[in-house]
Amino acid sequence: MPEKRLNILLLFTDQQRFDTINAAGYPHMVTPNLDRLVNEGCLFRNAYSPCPVCVPARHHLLTGTTVRKHGFTDNVQPPMDASIPTLASLLSTAGYCTKAIGKMHFRPSRNQNGFDSLELMESHPARREDDEYAMYLKSVGLGHIQNLHGVWNVLYEAPQRSIIDDKHHGSTWVADRTIAFLESLKNDSAFFCWSSWLAPHPPLSVPESVRDLYKGKDLPKPIASITEENTFTKLLSQDLTWPPEENRADFFRRRQEAYYAQISFVDQQIGRVLDALEKSGKLDETLIIFSSDHGEMLGDHNAIQKAQPYESASRIPLVMRYPRRLEKGSVREEFFDLNDVLPTVLDLIGITHPDPSSLPGESVFREDKDRSVQYLSLGRKGRRFATVRDQRYKYTYYYGAGILDELFDLELDPGETMNLLRVQPEAPFVIELREKMKTLVKEFETQWGVLNEAIDDKGELMVFAQDKHWNLEQSYQAQVQSFPEWPDQISDPEEAEAMNNFAYEALECVKDQSPLKLNKLNLETWRKKGGDESFFEYIRSHDL
């Protein structure tokens, strides 16, 4: 029977990979509150991002559709067609109070996308007035801080210490606002709240209380490829803002510690939210969903970031708690992804989607979807890939990216280190398997892929020349020139004068944190942000 007054609480992180919950079988993690959700709910062990990069993944979840419908192939694109139904709009129409808190990554940022109200905490707000967290910091006397979530530009990937104390840290704020929202509701108000944290997405701005939580611990070693990596991965492994090769292992280790520490701090905040929900008496009347938009390479295959088909970047945590329908401590091994969230919620509440044919996902409480194969894709033209995997094998086709395809045996090679198409290209079973998996890619791309950029007129996968977007120098310049925009818009001379000096604030963020050598990087872009000669002399003299 439909449960029309069921509450929905979506707890969402950014860039959290699948192997980051202790109770899911990863003992290096300190996650007591996520462990609670696993122990009280259902763990979906093989969950994926249908598109492992921020904006597309979030719109897969929000609309239940794919790029064919919502249009997002990457993070930089125009607004979505407003006529497309979203989970928020469908629930609002059904009488729900709908709220979005934290990072949404909508285009434009204040686009409601069906929510009754937004309280935003975006990574890079263009205007301070558009960002509730930035305005909150001003209200508590911290408006002089420029780097609200750590330093981007040349320190984007470097482990950093937060220069905002734990009480006012962004991860704390998301929990604070979620709790305030829960406390504001009347007892008979059904709600949908999407609470979304920036962490553990870079910059890796670690709160002081967890700064050394993983220091000295036995942590998983990065996965090393045996066969040559695809062109996407090789480009990511040549990031010009990284330290020299001789410092690379220490850099990966400290970055790993900072990444895990951010997750543990978010875990603390999730615990506060769960306690508030329990205190309200609505804990068992609420479907709680915990997940993330995509994973993080974290040094695997000598790469960082996302935008990869590898498990590290595409496989995500997914836990649901709703004791009326999900057995306590249960585990499901089939494939699930973010496209299954919307139909799951609609199914429980009894709402019919106006265009079910546009939805590749299905409610986790139904059994019509073929969950023996998982599909994911990313990008367009020469920078696109499409992937399918079954219980044993994973195949990826790269559209014009040098190495055109990869095939891994995940049973014998769970780390995806040996591309069978390179080590056994003439083996009959490899040839046959490649054709079988490639046919599956064609089928999925024909139905769900980018129109006119995935399948040609003959029904074959397209081949493109390498997209110039992947020019490493262009990528580097975009990264090093990324500075906060809003401080330059402050019109009050007194407030503008009180702003922190950017360059020295950046130095404070990496103080005692990283094996990264600042004097090895191109810091010229910092001169325009207040990095005078004394600042550079300090870096040189201290061998920073």
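Me: How many disulfides does the count come to in this predicted model?
Reply: A disulfide needs two cysteine sulfurs within 2.5 Å. Take cysteine 97: the closest cysteine sulfur, in cysteine 193, sits 8.8 Å away, so that's too far for a bond. The count for this predicted model comes to zero disulfides.

Me: Is cysteine 509 buried or exposed?
Reply: The cut-off for buried is under 20% relative accessible area. Cysteine 97 has 28%, so that one is partly exposed. Cysteine 509 has a relative accessible area of 0%, so it counts as buried.

Me: What about charged pairs, how many salt bridges are there?
Reply: One of them joins glutamate 208 and arginine 211, with the closest N and O atoms 3.4 Å apart. By the salt-bridge rule, the count is 40.

Me: Which residue forms a salt bridge with lysine 99?
Reply: Look for a pair whose closest N and O atoms are 2.9 Å apart. It links distant parts of the chain, strand S3 (residues 97-102) and strand S4 (residues 117-120), with the partners 20 residues apart.

Me: How many residues apart in sequence are the parts tied together by lysine 369 and aspartate 337?
Reply: Their closest N and O atoms are 4.0 Å apart. Lysine 369 is partly exposed at 22%, while aspartate 337 is buried at 8%. Lysine 369 lies in the loop between helix H10 (341-349) and strand S12 (374-378), and aspartate 337 in strand S11 (residues 330-337), so the separation is 32 residues.

Methods:
Residues numbered from 1 in each chain as written. Predicted model: local features only at pLDDT ≥ 70, side-chain atom pairs only at ≥ 80, totals over all residues. Heavy atoms only, no water. Buried < 20%, exposed > 50% of the residue type's maximum accessible area, 1.4 Å probe, protein only. Salt bridge = Lys/Arg side-chain N within 4 Å of Asp/Glu carboxyl O. Helix = DSSP H or I, 4+ residues; strand = E, 2+ residues; numbered from the N terminus.
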